[in-house]
Amino acid sequence: MASYSASTPTLSGATRDALAGRRILRQFTLFASAGYLFYTVQLVAPIVAAASITAPWYVPVAVLATLGTGLAMGPLAWRADARRLRILAGVNAIGYLVAMALWWVAWDGSQITTVPGLWLQMFPGLAAISAALAFRPVWAFVVLVVAATSSNIADRLARRSLVELPIVAQILWAITFSLVFVVAAIMGRRTAQILDDTRAEAYATTAAAAAAQARSSERARFDALTHDSVMSTLLLASRQGTTPELVQDARNALLAIDRAASDEIDDDVSPADTLSRIRAAIALVAPRQTVTVTRVEDESTRYPGPVVSALAAASAEAVRNVMRHAGRNAQASIAVSLATDDVSVEIIDTGTGFDPNAVPASRLGISVSIVGRMSKVDGGHASITSSPGDGTTVRLTWQRN
């Protein structure tokens, strides 16, 4: 017989890279790169001025390590994956610290008076934003504090005669101003990570549920084969002996077993098999209940398998309700009509009846097992007509769209 096994799929790194984490990383990378572009235009004069008080090799190295890597993040944000973007952002953050460390080696001790500030002191926050994109949050704060402190001290020494603001206040202002953008980058990355993790968990849960549903459906198929075909046929044989209905049910059961052995799943059901399934479902609830057939099309007609399953299950539930609630002396009649484009099952009982509008919401037999089940198949419908003392009529219909 057919068997089914399913494993729970997981999201690959490439799939996760295309989700929120990469989008947020790309947006902040573009923001930082735009900042570097702005400062590149604004800092031409300060860079030229700094070249006069440092070794000749310093300015090209420092500009490449800071502004060069910062500008490179912009074009790569559209092409590089998340890992490469983080690496480049990390290189930029470290490059700023390296440029500041080399300043103390390259500076000749003289001062500048022609510009409003040392050029490295203008953008320590951008280096901290790059660190927030590349490293853990604590390292972003470390980079911000080190970059702001060292750059402002260097600026004070290079422009001592022009600066009146206390050095501590100058450093605190630089840190506070940049902290807003650094925290925004950290929270953006954290939010994106939470979103990615939540989405990955939802996908994994959905995949696991789908696998479980597939296994359940496969088990249900074999359960239906055993109970609805084999056991119902044996039950009819033990109670009614050899009858034309028994012969037909036995043939359908053997055909169902052959199909299962060859891995075939019935998507379309013949009129004879449809009638057999409805009878089988009812027989499991009320073995002595007779089913009257008012119309049957030829064997070329086919009905969708889910429709037949819904009709059979809803019919069985309706008969079960008769046995439970209609009263001891209630009689039921069941009529089945199988036309080319529609099927109907009518269950009429002579029991005590009830008021459909007075049924509590907690009673799910009718709303879920009959009406709800039929409404889930295209073209399916169920109606219940009843009143106290006048019995109940349940009509199940399906019409081909």
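Author: In this predicted model, the largest nonpolar core holds 55 residues, of which Tyr58, Trp103, Trp119, Leu120, Phe123 and Val182 touch the most other members. Seven helices, α2 (20-42), α3 (44-51), α4 (58-76), α5 (82-106), α6, α7 (137-158) and α8 (167-240), each supply at least two residues of this core. The greatest contribution comes from α5, which gives ten residues. In general, nonpolar side chains of soluble globular proteins tend to be buried together.

Leaving aside residues up to four places away in sequence, Phe123 touches Tyr36, Tyr39, Leu43, Thr66, Leu67 and Tyr96. Ring pairs also join Phe123 with Tyr36, Phe38, Tyr39, Tyr96 and Trp119 into a cluster. Phe123 and Trp119 are both buried.

The structure holds twelve aromatic pairs. In one of them, the ring centres of Trp103 and Trp107 are 6.0 Å apart and the planes meet at 15°, so this pair is stacked. Trp103 is buried, with a relative accessible area of 1%. Trp107 has a relative accessible area of 19%, and it also counts as buried because the limit is under 20%. The pair formed by Trp119 and Phe123 is tilted, with 6.2 Å from centre to centre and 40° between the planes.

Helix α6 (residues 124-134) is mostly covered, as eleven of its eleven residues are buried. Among them are Pro124, Gly125, Leu126, Ile129, Ser130 and Leu133.

The model also contains a sheet. It is open and has five strands in the order β2-β4-β5-β7-β6, with mixed pairing. At the edges stand β2 (291-296) and β6 (380-386); each has a single partner strand, so one side of each is left without a neighbour in the sheet. From one strand to the next, the twist averages 10°. Strand β7 (residues 392-399) pairs with β6 in the antiparallel sense over seven bridges, and Trp398 in β7 stands opposite Gly380.

Helix α10 (residues 271-285) touches β2, β4 (332-338) and β5 (342-349), and its direction makes about 160° with that of β4. Helix α11 (residues 305-325) touches β4, β5 and β7, and its direction makes about 5° with that of β5.

Within β7 lies Arg395, which counts as partly exposed because its relative accessibility is 34%, between the limits of 20% and 50%. The C-alpha atom of Arg395 is separated by 4.5 Å from that of Glu346, although the two residues are 49 residues apart along the chain. Not counting residues up to four places away in sequence, Arg395 touches Ser344, Val345, Glu346, His381, Ala382 and Ser383.

Apart from it lies another core, of 34 residues, including Ala286, Ala312, Ala326 and Ala330.

Methods. Residues numbered from 1 in each chain as written. Predicted model: local features only at pLDDT ≥ 70, side-chain atom pairs only at ≥ 80, totals over all residues. Heavy atoms only, no water. Buried < 20%, exposed > 50% of the residue type's maximum accessible area, 1.4 Å probe, protein only. Helix = DSSP H or I, 4+ residues; strand = E, 2+ residues; numbered from the N terminus. Phe/Tyr/Trp six-rings, centres within 6.5 Å; stacked < 30°, edge-to-face > 60°. Pairing = 2+ DSSP bridges. Axes fitted to C-alpha atoms, helices over the stretch in contact; angles between N-to-C directions. Contact = heavy atoms within 4.5 Å. Core = buried A, V, L, I, M, F, W, Y, C linked by side-chain atoms within 4.5 Å.
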